[in-house]
Amino acid sequence: MVELVVISGKGGTGKTTVVGALAFLARDKVLADCDVDAANLHLLLRPKIEEKIPYEGSELAQIEKSKCLGCGNCVEACRFWAIISEDGVYRVDPLSCEGCGVCFQVCPAGAVSLKPRLSGWIYVSHTDYGPLVHGELLPGEENTGKLVTAVKMRARAIAKDTGAKWLFVDGAPGIGCPVIASLSGAHAVLIVTEPSLSALHDLKRAAELARHFRAKVSVVINKADLAPNLVEKIEMEASEEGLPILGHIPYDETVIRAQAAGRPVVEYNSGPAARAIQALWQKLSAWIEL
Amino acid sequence: MRIAIASGKGGTGKTTLAVSLALVLAETHPVELVDCDVEEPNDHIFLSPIIHERKPVEVLVPEVDREACLGCGACAKACRYGALVVIGRKVFFHYELCHGCGLCRMVCPTEAIREVPRTIGWIERGEGKGLPFLQGVLNVGEPRATPVIRALKEMADPKRITILDSPPGTGCPMVETVRDADYVILVTEPTAFGLHDLRAALAVTEALSVPAGVVVSKWGVGTDHVERFCEEKGLPVLLRIPWDQAIARAYANGIPLVEALPEWREPLRNLFQDILLAREGRRNG
């Protein structure tokens, strides 16, 4: 099984459009949406949800008022500014608490307890394109990286059970914990970029991160016809970094229409973007097998 | 006053709006632009700022004194993040899982653990196009953006109007950016993805009780579902920025919207007035 992770650095470059198209084009695959705070892949694949698993990635501290002595030890010790004192009453701010347990440790009165907290959900679905696992982080929750890992583990297990040839992972923007978690164990990485100075800047940082992992890294340029001068810059940068460019996808409004229709663009029609992604898939699969 | 510019979905136009809003307001008010997208900061591309101050952001991580360590495993047992593992009476530390809480040091019976600072990123202060500017830069490979964002916000000048350019998403970096803002502008696009992620971002601002308004970019493509959603929710649509090659070209080449197309200064000034009015209204009623 080959695990391909699609990332971008900069957001909104077209990761999900590409992964949705691969879902239609490739055979024997499992799909995982690891952009758990803005998961969109399911909007293209019309999943029938078969399992909804609560995700408890961490704990939340609670202070029992009747036992609290008001000594303030917990306020002192907490590194996350999560204990709030109002008129001598101490409580935990759930948005700041990282569930480390320091307050529990320092409380002389045993007033602190740690309770499992629901941070999100993992969905396992059937789609016309293959099994899909996606995560959903509850608003304001921590532990994005751990949820990403849980989503990936589940998708890998399904890929193993079904003998799938591919696992396609839709990653998050940025280079922080969810992206690091999605890259862990990947065989190949595709960075989706676009011709802008911002995207070029972000591509460099994403590529640097991807190289920390033992994976092959390649690039595709989306909306390539919008700024030809910058396409050249990206090509130069990629060649200096030794990153193969596996395709150029033109700007095409049918991508947005396909989104509204809830279909991968390559299934929706055979416009310029769809044809370019088909060509990308041929190059990509050959490059991975090199 | 702090105005955060956020979005669930990436690439909707946060940077475009943040840079140009800050530039326009700076004509009449003391303003500071703070780029909180420390994983992929881009505001500097549009301002070419001169950086005159650079400060490391440090977090505390444990260091184990092998001589003093008994290998009892108390630290590994206590750590809720699995950052410490004891194998054959030897402690192994995985810094990428560490949250820097300090519990391991507290529970070690032989005081074999001390905490040492680790630089995870940088804060840079400067000025570009006459605008005071702050940005955070997370070191590549570091997983935790939140401490950099927190340090960045602490350095912001409270006497100025602060424009906070948030990272995309709805996870901890976004929450850290918008949590104590006076107003959040949610930038979205009129697509299925845009609507889905606007819902998620709005759930966060509601949980934080921060008032929010919407800016729709790439207006004219896609559907009217975003507009209908805003109407249902009573969310003001503060501005519509049409899909326009000239806007895209300016963005691609790192030119601020109001510099390439000065006709956008007026709508951005009006947007700020609308935010002030919304705050007034809230205070009075």
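**View 1. Domain 1 of chain A meets domain 2 of chain A.** Four residues of domain 1 of chain A are in contact with five residues of domain 2 of chain A. Contact here asks that the C-beta atoms of two residues, placed from the backbone, lie within 7 Å. The side of domain 1 of chain A that touches domain 2 of chain A has no nonpolar, two polar and two charged residues. Nonpolar covers Ala, Val, Leu, Ile, Met, Phe, Trp, Tyr, Cys and Pro; charged covers Asp, Glu, Lys and Arg; the others, Gly among them, are polar. Domain 1 of chain A spans 2-56 + 129-289, and domain 2 of chain A spans 58-117. These bounds come from an automatic or database domain assignment. The C-alpha centres of domain 1 of chain A and domain 2 of chain A lie 40 Å apart.

The model is predicted: local features need pLDDT of at least 70, side-chain atom pairs count only at pLDDT 80 or more, and totals for chains, interfaces and linings use all residues. Residues are numbered from 1 along each chain as its sequence is written, while chains are lettered from A and ligands numbered from 1 in the order in which they are written.

**View 2. The two domains of chain B.** Domain 1 of chain B takes in 2-48 + 129-284, and domain 2 of chain B takes in 61-118. Their C-alpha centres lie 40 Å apart. Mean pLDDT for chain B is 96, and 100% of its residues reach 70 or more. The pLDDT is the predictor's confidence in each residue, from 0 to 100. The model scores ipTM 0.94 and pTM 0.95.

**View 3. Chain A touches chain B.** The contact draws 50 residues from chain A and 53 residues from chain B. Five helices of chain A each supply at least two residues to the chain A side: H4 (102-106), H5 (144-162), H6 (177-183), H7 (197-211) and H9 (254-261). Helices are DSSP runs (H or I, at least four residues), numbered from the N terminus. H7(A) gives the most, with seven residues. By class, the chain A side holds 21 nonpolar, 19 polar and 10 charged residues.

**View 4. H7(A) packs with H8(A).** H8(A) covers residues 228-241, and its axis comes within 10 Å of the axis of H7(A), crossing at roughly 15°. Axes are lines fitted to C-alpha atoms, for helices over the stretch in contact, and angles run from 0 to 180 degrees between N-to-C directions. H7(A) and H8(A) are therefore roughly parallel (under 35 degrees). H7(A) passes H8(A) in a right-handed crossing, with the near helix turned clockwise from the far one by less than a right angle. From H7(A), A:Leu197, A:Leu200, A:Leu203, A:Lys204 and A:Ala207 meet A:Leu230, A:Lys233, A:Ile234, A:Glu237 and A:Glu241 of H8(A). Six of these contact residues are nonpolar, none polar and four charged.

**View 5. H1(B) packs with H11(B).** H1(B) (residues 14-25) and H11(B) (residues 265-284) pack at about 85°, with axes 9 Å apart. The two helices are therefore roughly perpendicular (65 to 115 degrees). H1(B) brings B:Ser20, B:Leu21, B:Val24 and B:Leu25; H11(B) brings B:Arg265, B:Leu268, B:Arg269 and B:Phe272. The contact has five nonpolar residues, one polar and two charged.

**View 6. H7(B) packs with H8(B).** H7(B) (residues 192-207) and H8(B) (residues 225-233) pack at about 25°, with axes 9 Å apart. That makes H7(B) roughly parallel to H8(B). B:Gly194, B:Leu195 and B:Leu198 of H7(B) contact B:His225, B:Val226 and B:Phe229 of H8(B). Four of the residues in this contact are nonpolar, two polar and none charged.

Notes. Angles under 35 degrees count as roughly parallel, over 145 as roughly antiparallel, 65 to 115 as roughly perpendicular and the rest as oblique.
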